[in-house]
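Thanks for coming. I will go through some helix packing and then a few backbone details. Please look at the model first.

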Amino acid sequence: MPSPQPPRAVFAMDPVHLPLLFPPPLMTRLGAAAELDPSLVVQDFADPLAAAALTRADVLITGWGCPRLDAVALTAAPRVRHVLHAAGSVRSLVGDAVWQRGIAVSSAVTGNALPVAEYTLAMILLCGKDTFDHRERFRVSHTYPPPARTAATGNMGRRVGVIGASRVGRRLLELLRPFDFTVLLHDPYVSPSEAGALGAELVSLEDLLRRSDIVSLHAPDIPETYRMLDGARLGLIRDGGVLINTSRGALVDPDALTGELVSGRLRAVLDVTEPEPLPATSPLYRLPNVFLTPHIAGSLGNELERLGRIVVEELERLVAGAGLEHEVRFADMGRVA
């Protein structure tokens with residue numbers, strides 16, 4: 001009996017990401033599982049140079065920079081039955097036509113959750129030690145702080161509030177376990193027993209904000225969460241409290257947050273903002289109580305290989321006749337990032 005024909009795959013993304021996502025060992029595994037051209041990376045589904053490959057493609061291997069997969073784009077790829085996304089959220093990638101055609105979608109979002117959770121854990125520990133404040137003062141004074149200034153510093157018993165038991169939120173809860181924290185969780189889709197199994201106490205959003213020393217955002221960017229931290233809710237965070245946002249800037253009212261930070265009442269670690277990036281005139285660039293980073297919490301550099309490995313393993317499962325392990329379902333799109 002002849003061997004089954006391997007699926008035909010096409011890369012669709014910004015080609016700058018390809019070598020980090022699929023270094024030679026992973027590219028070799030891809031080539032063993034599917035028929036593909038490593039030199040062809042589609043950025044425009046109307047590109048005549050890609051037309052022949054897209055017409056024959058069974059699988060699209062997508063990543064950052066892939067055009068939105070709407071009805072027009074899919075017209076160029078009529079045989080595609082699987083989209084394997086070597087990145088996180090597929091919300092901006094997948095159009096209605098994908099679901100209408102019954103195309104199965106997989107995402108490497110679980111692989112992208114780990115570096116975000118690691119970044120967040122690092123920031124929680126640093127904020128608990130007042131690291132950024134001490135650094136700013138040390139730059140000026142060149143002297144060690146007196147005991148009176150460090151009396152409230154430390155991570156022992158620190159109350160950490162996690163908003164959202166998303167994939168990132170769950171990885172963060174896992175990473176927080178070895179530390180001497182009191183962990184609070186708010187998520188409308190989680191039961192008290194499930195929260196307890198995750199190592200957290202399930203509370204209302206308002207209770208979490210009132211009780212936490214450090215608040216970390218991990219909710220999805222959906223209409224229900226738009227500016228969920230408005231002026232009134234930000235006002236519930238205790239004086240000197242910390243807000244960490246590695247989710248999306250749209251979850252926080254930017255004017256209300258700026259007001260709290262300019263006043264010095266709150267501190268913040270912001271890897272995402274609204275807008276993104278902030279205009280050069282924003283006072284947040286200059287405030288000593290704000291630690292801004294340029295959307296780096298997610299996979300960067302050698303961390304991209306983890307995303308590529310997930311895609312390779314998904315493709316190998318397809319070839320073996322197994323189902324997708326990281327499938328994104330249409331029914332979940334309303335409540336995931």
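The expected span of a helix is taken as 1.5 Å times one less than its number of residues. Helices (H or I, at least four residues) and strands (E, at least two) are DSSP runs, numbered from the N terminus. This is a predicted model, in which local features need pLDDT of at least 70 and side-chain atom pairs count only at pLDDT 80 or more, while totals for chains, interfaces and linings use all residues. Residues are numbered from 1 along each chain as its sequence is written, and side-chain values use heavy atoms, leaving out hydrogens and water.

Helix 14 has 16 residues and reaches 23 Å from first C-alpha to last, close to the expected 22 Å. Its buried residues (under 20% relative accessible area, 1.4 Å probe, protein chains only) include Leu304, Leu307, Ile310 and Glu314. Just after helix 14, Gly321 takes a positive phi of about 90°.

Now the packing. Axes are lines fitted to C-alpha atoms, for helices over the stretch in contact, and angles run from 0 to 180 degrees between N-to-C directions. The axes of helix 6, residues 109-128, and helix 14, residues 304-319, come within 8 Å and cross at roughly 160°. That makes the two roughly antiparallel, a term for angles over 145 degrees. In this contact (heavy atoms within 4.5 Å), helix 6 supplies Thr110, Gly111, Asn112, Leu114 and Pro115, and helix 14 supplies Arg306, Leu307 and Ile310.

What is the angle between helix 6 and helix 9? About 50°, with the axes 8 Å apart; helix 9 covers residues 167-176.

Last, the loops. The peptide bond from Glu274 to Pro275 is cis, with omega near -5°, and the bond from Glu276 to Pro277 is cis, also with omega near -5°. Pro275 lies in the loop between strand 11 (267-270) and strand 12 (290-292), and Pro277 lies in the loop between strand 11 and strand 12 as well.

His142 is not a glycine, yet has a positive phi of about 60°. His142 counts as exposed at 61% relative accessibility, the cut-off being over 50%. Arg227 has phi near 50° and sits between strand 9 (214-217) and helix 12 (231-234).

Note on methods:
Parallel < 35°, antiparallel > 145°, perpendicular 65-115°, else oblique.
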